[in-house]
Structures are given as structure tokens and as C-alpha cells.
Amino acid sequence: MNTLAPFIAPALALFFIVRRGRTPRRIRPGALWVYPLVITLLALTTLSQGMPRDLEAVAVYILAFAAGAALGWFTTQHVELTLDEKTGTIMSQPTMFGTLLTAGVFAARFGLEYLINGGPGQAPHGHISPERAANLLWFADAALIFIAGRALAQAGHMWLRTRPLVAQHRAAQPLKGPTDGE
């Protein structure tokens with residue numbers, strides 16, 4: 001079981017990403033932050049295996065997060081939301097591009113680690129020079145941070161966009177008087 005343990009986080013990440021991106025989904029404004037936080041925690045768990053080498057790496061990570069957040073914010077403007085007037089359910093269709101981008105970055109990061117080290121947490125086996133391997137992992141880590149920033153910004157923007165729909169649904173509901181509910 002110990003040989004499979006390092007592959008649990010990548011498998012979970014890909015499972016959640018693909019499952020969430022395949023079908024139209026119900027938007028629950030109160031739960032919008034769950035998926036982005038799971039993705040962010042999985043990314044941070046992966047990054048915790050190797051801290052940034054220097055200030056340059058931290059700067060690149062900050063830029064990657066900002067770029068991901070900008071992409072997430074602006075692409076969410078184009079997501080079509082529909083409101084079911086009877087139930088108040090808000091639906092959205094995830095884009096295939098976003099699903100593939102997120103799954104691809106996670107798969108590339110874990111595939112790169114496997115190529116370089118034989119798996120997460122393993123010692124390098126020499127197929128790639130240590131300096132080149134460190135640079136590739138550094139780039140892949142920045143991509144994970146990009147994806148986390150994108151997911152968090154999408155949740156924030158979606159939360160802002162769903163607030164008027166929730167208010168619209170509440171305003172359309174008939175007021176119950178003292179004799180209506182008895």
C-alpha cells in the first residue's frame with residue numbers, strides 16, 4: 001500500500017476535476033468555494049514536497065497565481081447561467097477547455113514527477129539532469145498555482161453573478177400571510 005500512497009492525491013485530483021467538468025452542474029452559491037478550496041489544497045499538498053528555491057521562484061508563483069486569477073475572472077463572464085423560476089435552481093455548463101486545462105496541468109505535474117523521480121517523494125533516477133528536473137518541476141508547480149488562482153477567481157466571480165439570480169428568485173416568491181401557512 002505504501003507504494004500506491006503517493007498516487008492518491010493525483011488520482012483524487014483527476015477524479016474531482018473530470019467528474020465535475022463532464023455535466024451541467026447546479027450552482028449552489030453557498031458551496032461555490034468547496035471545489036476551488038479542494039483544488040488549492042491538493043496543489044499546496046503537492047507543492048509542500050519542495051519549497052521554492054529562491055525569491056525568483058516566489059515571484060513567479062505570485063505572477064502565476066495572478067495570471068490564473070485573471071483568466072478565471074474573465075472566462076467566468078462567458079459562462080451561461082440559467083435560473084429555474086419554480087425551484088430557484090441555478091445551472092451552469094462547464095467548458096471543456098477549462099476541464100481539460102485543469103486536468104492537464106495536474107496530470108502533467110504528476111507525470112513529470114514520475115518521469116524525474118519514479119513517483120512522488122522518490123529519489124531522482126538520473127534520466128534528466130538534476131538542474132533541468134528542478135526547472136521543469138518549478139514550471140509545473142507554477143502551473144498548479146495558476147490553476148488554483150483560476151479556480152478561486154472563478155468561484156468569486158460566480159458568487160457575484162449568482163447573487164442577483166438568487167434575489168430575483170426570492171422576489172418572485174409569493175409572500176405568505178398569517179393564514180397562508182396554516
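Which residues in the largest nonpolar core touch the most other members? Let's find out together, keeping in mind that this model is predicted.

**Stop 1: the main core.** Select Ile17, Ile39, Val105, Phe106, Leu144 and Ile147: of the 13 residues in the largest nonpolar core, these touch the most other members. For a close-up, centre on Val105, which touches Ala143, Leu144 and Ile147, leaving aside residues up to four places away in sequence.

**Stop 2: a second core.** Next, select Leu32, Val79, Leu81 and Met158. They are among the eight residues of a second, separate core.

**Stop 3: the largest pocket.** Move on to the largest pocket, with a volume of about 460 Å³. Select Arg20, Arg25, Thr95, Arg150 and Gln154, the closest to its centre of the 25 residues that line it. Two or more lining residues come from each of α1 (8-21), α2 (34-47), α3 (55-76), α4 (96-117) and α5 (130-172). The element that gives the most is α5, with five residues. Colour the lining of the largest pocket by class and you will see eleven nonpolar, eleven polar and three charged residues.

**Stop 4: the second largest pocket.** Finally, visit the second largest pocket, at about 360 Å³. Pick Arg20, Arg25, Arg28, Ala31 and Tyr35, which lie nearest its centre among its 14 lining residues. Here α1, β1 (25-27) and α2 are the elements that give two or more residues to the lining. Colouring by class shows eight nonpolar, one polar and five charged residues in the lining of this second largest pocket.

Note on methods:
Residues are numbered from 1 along each chain as its sequence is written. This is a predicted model: local features need pLDDT of at least 70, side-chain atom pairs count only at pLDDT 80 or more; totals for chains, interfaces and linings use all residues. Side-chain values use heavy atoms; hydrogens and water are left out. On a 1 Å grid over the protein atoms alone, a cavity is a set of points where a 1.4 Å probe fits but cannot get out, and a pocket is an open set with protein on both sides within 12 Å along at least five of seven lines; lining residues have an atom within 4 Å of a point. Grid points are joined across faces, edges and corners, and a volume is the space filled by probe spheres set on the points. Helices (H or I, at least four residues) and strands (E, at least two) are DSSP runs, numbered from the N terminus. Ala, Val, Leu, Ile, Met, Phe, Trp, Tyr, Cys and Pro count as nonpolar, Asp, Glu, Lys and Arg as charged, and the others, Gly among them, as polar. A nonpolar core is a set of buried Ala, Val, Leu, Ile, Met, Phe, Trp, Tyr and Cys residues joined through side-chain atoms within 4.5 Å. Buried means under 20% relative accessible area, exposed over 50%, partly exposed in between (1.4 Å probe, protein chains only). Contact means heavy atoms within 4.5 Å.
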